[in-house]
There are 2 protein chains.
Amino acid sequence: MTPKEAYDELTKQCKEISLLGSVTAVLGWEERTYMPRGGADLRAQQLSMLAGMIHERFTDPKIGDLISAVENTDVVKVEDSIEAANIRELRHQYDKETKLPKSLVEELAKTTTLAQGKWAEARKQNDFKAFLPLLEKVIDLTIQSAECYGYEGEPYNALLDNYEPGATVEEIAGVFKPLREDLVKLLAKIQGTSKKPDVSIIEREYDPELQKVFGEMVAGAQGFDFNNGRLDITTHPFCSGFGPGDTRITTRYNRNRLNDALFGIMHEAGHALYEMGIQKDKHFGMPVGEATSLGIHESQSRMWENQVGRSKEFWMYFLPQAKRIFREALADVSLDDFYGAVNYVTPSYIRVEADEVTYNLHILLRFELERAILKREIKPADIPGEWNRRFKDYFGIEVDKDSNGCLQDVHWSAGLMGYFPTYALGNLYSAQFFAKAQQDIPDLMEQFQRGDFSQLLGWLRKNIHCHGSRYRARKLGEKVTGQPLSHKPLLDYMTKKFGEIYGF
Amino acid sequence: MTPKEAYDELTKQCKEISLLGSVTAVLGWEERTYMPRGGADLRAQQLSMLAGMIHERFTDPKIGDLISAVENTDVVKVEDSIEAANIRELRHQYDKETKLPKSLVEELAKTTTLAQGKWAEARKQNDFKAFLPLLEKVIDLTIQSAECYGYEGEPYNALLDNYEPGATVEEIAGVFKPLREDLVKLLAKIQGTSKKPDVSIIEREYDPELQKVFGEMVAGAQGFDFNNGRLDITTHPFCSGFGPGDTRITTRYNRNRLNDALFGIMHEAGHALYEMGIQKDKHFGMPVGEATSLGIHESQSRMWENQVGRSKEFWMYFLPQAKRIFREALADVSLDDFYGAVNYVTPSYIRVEADEVTYNLHILLRFELERAILKREIKPADIPGEWNRRFKDYFGIEVDKDSNGCLQDVHWSAGLMGYFPTYALGNLYSAQFFAKAQQDIPDLMEQFQRGDFSQLLGWLRKNIHCHGSRYRARKLGEKVTGQPLSHKPLLDYMTKKFGEIYGF
């Protein structure tokens, strides 16, 4: 078999494995949108069978042999060529997937299933102690898996790499530290002003049916193609790119909070536009046909949610539209008042409800805790104390109960350690990309005033989406912006924006 | 490997294959309910991959070996025991699936896909000639497949057996012939009276949202469990039993025809109750965990649709409910007028819109034609002429165009020859079963007057549903009713009912 033949065979195998993955995506989506309660057992069996088949096929030594047969040949001699990038990422994934012993994978799956159930209960009961034994077990197994993967530096690197391939904790901690210090100062500044936007505007009555109409209008303006996707309702919003031509997003409607569904839809549509913009028609099944990292994925959703959706220019166009749809709720609302309300900044306990400024503080707190937990510097039993101490430091308020503190997120119970930083990375990248887009398209914000986002989308397609995993996140960032990862663009953006809103 | 071990291994293998089948069912359902247009290609690839995997796994010689290792052993020595029935049906399916050469399966798949597209176009254009070349090819391939399967008597038997295992054309033709003769007489009698129910009642304005409310109320009364199923909208209504705990039904709403969705929901709910009543928890994956034939399946849907849903007693309870929901449309309607309207009999071109009496004539005509086509007594080119001649004979009216005649059904273009008789068999069985249920539960119709169908459902569960494929349809029918298949119960039921309505 020539290297070219091996590459073609690998492409064929990977496409089949991805087709199985896309079936899993449909089943997962359906489970959360329409499945009747009684279907849960059957669905679990279907998903577990498919997961087993996918794992078995991808970790088959034949796949390893095919990768080896292409490596160091002419097929991949050009760095960052499609072929080279595919083989680079397949090697990376193959080595990771074959490093975990099956017994550990199964025990992690079993334990995290139990732990997620226990966590949900513990959060409801505000009972950390009840959750602790399973949390300890998940953390033990997670550390074991980091050891199996292997790492340089600290164990966190092995896990971070699952979501942000190639990123290191040392590198991002160097950016997160000044970010935290500057955010704490910015928050103090905002809180020091006497200006308090009237947040009650967004807490009026907003008929969910009309929210859907407005949300679809906005998503459509972003470029979400309803011929190649859908918007449905789930408890926890998500985006799932099944494959070429089919990308689903979901949201949840809160009758008395306009922000939740609206910015949720813009956020998920941002993810979807990335999925829709990757060249899946050509590369489905291979890494270049997939997103490069969760951080880059999150940069897309956060940009549409914040830099676009929470901009004044956006609302110059869309507030009049919204007024036509929500006649009563918005009749007396001015642009400035509305803009202030959707950008209201205040420390709060719950990450997913946080504003743009405090959101990153939530992440940084978790990142620092996770790092220490994985190094066994913090024992699981000490998490609540450590959490609350830091929370007071960063936000200036005391955590009143663990369900508003360390019990709020599902991630640790699900074994997703190393995942949180991708949210903050997404914010950092979003600001860096957006600043560059503004440089490249000088009248970008004027286009927003006309409800026109096509040039922004075109810019994202050309500079980010179309590459898929061709470049790792860090390299992509540098290629697009000419700058290394930095907290400055995000801070500049927020300082300017909230300075104007809060008058400093 | 002992016979018992072989049986257990076979059970395990079949369960996995059925799990893959249940994934196919979810994907098929989703394709028709929610999938955006752009997802069609990906979905086709997913379904074709799964179909290939299922076929490959089931026709693996290992499966044949396992079946052989159980046959003629103590495990299956009791006739119609669970084990014996499972092995009997698996042998039957395995032999059939391994008899078609792969090339023929692929050519049939390709040709029927093309033919269905061409048929849809031809029906729209009323252009039989345009469809003819592909129809000829489908028929040729279908006859080839019958030859591969092998048969006693005529080729039709090989195909009929795909849908109605063990049934023979000789046996059912012996029942269909007197049925046709008696139906033609009954129709003439009905048309000879001066009574004409006011069918316009069901053609008033019925808000689809309210039709859904009413439909769900009725399905719930039948016993359809919405915790273990859903009702959605599709162009062509269907029922899909995914597996234990999850059975989906669909309907379509016509604002100006109450019957379509209402009796459609009752019909699909009838199918669903069968699926829900089979002991899938215990036997999922094995034949005993599946329906025994399409004729028996259809008997369940038709019984709920006709013997229940079109009975006067049903409407004694439900018309007042309907009046509360459709206030305007039904305000002035009496029970007798409504009962007459939903039971209006009139010859018409389109099978799926036919009334209870003429419906079977539509089927019998197709059955007779199909039989002659497969024996090559009728050439494909002569189908329109043969169709129209018979139609005049049976219905007393001339077919005005082929789209109202031989072009109306999808079946032949899809290669589904031998399928039609199962509809008529369903009607025959439904009447036979219902007559027996009335004997066993003397106050059954009084129960309907109270909206109580639980004893009927219990009777069906105990006598029919719980057996799955344990008994072949014919044997099941005889076991339940003590009588062979006969057209008498259906004719008695219709003569009594329509005699009362039309006054003869």
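**A sheet, a helix pair and some rings**

Let's start in chain B: strand 2 of chain B and strand 3 of chain B, residues 246-251, pair in the antiparallel sense over four bridges. Bear in mind that this is a predicted model.

Take two of the partners across that pairing. B:S240 has B:R248 in strand 3 of chain B as its bridge partner. B:G241 stands opposite B:T247 in strand 3 of chain B.

Now the turn. The hairpin of strand 2 of chain B and strand 3 of chain B has two residues between the strands. B:G245 in that hairpin takes a positive phi near 85 degrees.

Next, the other neighbour. Strand 1 of chain B and strand 3 of chain B run parallel, joined by five bridges. There, B:G229 has B:T247 as its bridge partner in strand 3 of chain B.

The three strands of chain B make an open sheet, in the order 1-3-2, with mixed pairing. Which strands stand at the edges? Strand 1, residues 229-233, and strand 2, residues 239-243, of chain B do. Each has a single partner strand, so one side of each is left without a neighbour in the sheet. From one strand to the next, the twist averages 20 degrees.

How many of the residues of strand 3 of chain B are buried? Six of the six, so strand 3 is largely enclosed by the rest of the structure. Look at which way they point. B:D246, B:R248 and B:T250 go one way from strand 3 of chain B. B:T247, B:I249 and B:T251 go the other way. Residues on both sides are buried.

Over to chain A, for two helices. Helix 16 of chain A covers residues 356-374, and helix 22 of chain A covers residues 488-502. Their axes come within 10 Å and cross at roughly 145 degrees. Which residues meet there? From helix 16 of chain A, we have A:E356, A:V357 and A:N360. From helix 22 of chain A, we have A:L490, A:Y493, A:M494, A:K497 and A:F498. The residues of this contact divide into five nonpolar, one polar and two charged.

Now the rings. Over all chains, the structure holds 59 aromatic pairs. I'll show two. A:F420 and A:Y423 form a tilted pair, 6.1 Å centre to centre, with 50 degrees between the planes. A:F420 has 1% relative accessibility, so A:F420 counts as buried. A:Y423 is buried too, with a relative accessible area of 12%. The second pair is A:F448 with A:F453. That pair is tilted as well: 5.1 Å centre to centre, 50 degrees between the planes. Both A:F448 and A:F453 are buried.

Rings also meet charges, back in chain B. What sits over the ring of B:F238? The charged end of B:R32 does, 3.9 Å from the ring centre. Elsewhere, B:R310 lies over the face of B:F263, at 4.0 Å from the ring centre.

Find B:S18 in helix 1 of chain B, residues 3-33. Is B:S18 buried or exposed? Its relative accessibility is 15%, so B:S18 counts as buried. What does B:S18 touch, leaving aside its neighbours within four places in sequence? B:S18 is in contact with B:F284, B:G285 and B:E290.

That's my tour. Over to you.

How values were computed: Residues numbered from 1 in each chain as written. Chains lettered and ligands numbered in written order. Predicted model: local features only at pLDDT ≥ 70, side-chain atom pairs only at ≥ 80, totals over all residues. Heavy atoms only, no water. Pairing = 2+ DSSP bridges. Axes fitted to C-alpha atoms, helices over the stretch in contact; angles between N-to-C directions. Contact = heavy atoms within 4.5 Å. Nonpolar A, V, L, I, M, F, W, Y, C, P; charged D, E, K, R; others polar. Buried < 20%, exposed > 50% of the residue type's maximum accessible area, 1.4 Å probe, protein only. Phe/Tyr/Trp six-rings, centres within 6.5 Å; stacked < 30°, edge-to-face > 60°. Lys NZ or Arg CZ within 6 Å of the ring centre and 35° of its normal.
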